[in-house]
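Me: I would like to go through this structure feature by feature. Please give the general idea each time, then the case here.

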Amino acid sequence: MSLNEWLESARGGNLDAFERLMDATQGMVYAVVRRILIDREDAADAVQETYVRAFGKLSEIRNPDSFPGWLRRIAVTTAMGLQRSRRNHFVEFDDDLHIPILDDQETRWSEFQHAAMAEAIVKLGESDRLLCERFYHGGWPLARLAEDLEISESAVRKRLQRIREHLRKDIEMNEQRTLAGEHLPGNLPRKVIELLARPRLTTIPENPVGRIWHLIQSHLPKSVDMDVSETVTDEQVREMLGDLYDAGSDIGGGQGIHRVDDAQHLRAEITLPLLLACRGRSGPQSIVSAGKVYRIAKVGPAHMESFHQGEWLNVSESASLWDSMGLISGMIKGLYPDKAIRWEKVQLPLCEEAWELFVDWNGKYVAVLGCGRYKDRIVEYLGNDPRRFTAIGAGFGLERMACAHFGIDDIRKVEGIRLS
């Protein structure tokens with residue numbers, strides 16, 4: 001029998017059918033009450049009381065499809081009532097306060113809820129997601145958000161409330177899909193969605209990553225800022241690289257890539273999507289782009305699976321690798337006046353010549369950026385004659401640069417830091 005058939009039978013007083021409903025929904029109910037109640041025994045009591053109340057109100061349900069959301073609301077009300085009766089218990093907030101809280105009382109997040117929220121955040125429009133990031137991660141007050149958006153504080157409040165309602169509805173739909181036997185989070189691997197949902201720190205100037213990217217851009221004042229795709233298809237890589245494809249397919253510097261499906265993966269650096277976006281843009285240009293990149297890696301003080309990179313592409317008839325390295329060296333010396341730095345020559349598949357810059361961080365030299373002159377094939381791909389034009393690229397590891405600049409000993413701490 002289906003969930004709706006069990007519901008109809010239970011409404012007629014069939015206890016076996018009601019037991020089937022409880023088996024199918026108790027995971028969701030427990031997750032809901034556990035976000036409100038700290039004590040496991042209290043949560044178990046709330047689950048039991050939820051079903052007692054629900055059984056007595058089954059006749060109220062007009063649309064069987066609304067049963068999961070209806071049951072969820074009973075669970076929330078029951079848990080809140082039990083919480084108020086336990087005067088010596090207080091709601092504990094998770095460390096992840098940057099996640100938008102849908103209800104003030106619902107502050108404990110199950111694994112399912114984290115995954116559902118991640119999927120909902122990824123689906124937000126660009127402007128709504130940016131507002132969430134600046135409000136929840138950046139700590140922007142309503143007055144500053146209103147000034148930035150050129151609307152009233154009241155309008156900002158309404159917009160945030162609308163976003164929360166949208167997220168709530170998306171999560172409830174996921175709960176219903178799960179009850180119907182579908183696997184969260186739908187058509188994308190859970191890991192991919194979790195990575196995509198992490199905040200884009202380059203949009204938050206109070207964060208060390210956002211601050212360091214602003215300082216880098218101040219040394220490249222004539223560059224145009226460009227957003228690029230977070231995914232790259234295998235066909236795009238193959239088409240761009242041609243006979244360089246085998247050499248260039250080791251994307252991510254020897255680390256694995258996160259595949260979205262059989263045909264595409266999350267970007268492992270900004271370089272490829274930026275070159276793809278600039279295809280055919282012939283003539284001189286200076287472009288910067290920054291954002292999250294994704295690699296399968298062993299997470300530690302110097303490595304994460306989702307981190308931020310900045311990229312600079314400079315195409316001109318007078319571009320010089322040595323001039324570019326000199327400009328970058330001056331920038332680095334300004335950022336780290338008391339630290340030792342050094343350049344090392346490296347081999348990069350897209351470059352005729354390339355160098356990496358290392359900075360002393362925690363007593364070790366760590367690579368924070370790379371700079372190179374692109375091969376003629378890439379210059380042609382961009383729509384230029386390599387006999388006239390030269391293309392220089394530079395990529396910046398923003399978490400490492402921020403850590404070395406602000407004295408942070410572990411890149412995993414960067415997301416939670418706000419600068420004054």
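Reply: A disulfide is a pair of cysteine sulfur atoms within 2.5 Å. This is a predicted model, in which local features need pLDDT of at least 70 and side-chain atom pairs count only at pLDDT 80 or more, while totals for chains, interfaces and linings use all residues. Residues are numbered from 1 along each chain as its sequence is written, and side-chain values use heavy atoms, with hydrogens and water left out.

Me: How many disulfides does a search of the whole structure find?

Reply: In general, a disulfide is a covalent bond between the sulfur atoms of two cysteines. The search of the whole structure finds zero. For Cys351, the closest cysteine sulfur is that of Cys371, and at 8.3 Å it is too far for a bond.

Me: Is Cys351 buried or exposed?

Reply: Buried means under 20% relative accessible area, exposed over 50%, and partly exposed in between (1.4 Å probe, protein chains only). Cys351 has 12% relative accessibility and so counts as buried. Cys278 is buried too, with a relative accessible area of 0%.

Me: What span does helix H6 reach from its first C-alpha to its last?

Reply: Helices (H or I, at least four residues) and strands (E, at least two) are DSSP runs, numbered from the N terminus. The expected span of a helix is 1.5 Å times one less than its number of residues. H6 covers residues 126-137, and its 12 residues reach 16 Å, close to the 16 Å expected. Among its buried residues are Asp128, Arg129, Leu131 and Cys132. Just after H6, Gly139 has a positive phi of about 70 degrees.

Me: Which residue has a positive phi although it is not a glycine?

Reply: Most residues other than glycine have a negative phi. Here Glu150 takes a positive phi of about 60 degrees. Glu150 sits in the loop between helix H7 (142-149) and helix H8 (153-179), and counts as exposed because its relative accessibility is 74%.

Me: What is the strand order of the open sheet?

Reply: Strands of a sheet pair through backbone hydrogen bonds, either parallel or antiparallel. Two strands count as paired if DSSP finds at least two bridges between them. The seven strands of this open sheet run E1-E4-E5-E9-E8-E7-E6, with mixed pairing. Strand E1 (224-225) and strand E6 (341-346) are the edges, each pairing on one side only.

Me: In which sense do E5 and E9 pair?

Reply: Strand E5 (residues 306-316) and strand E9 (residues 390-397) are antiparallel, over eight bridges. Glu311 stands opposite Gly395 in E9.
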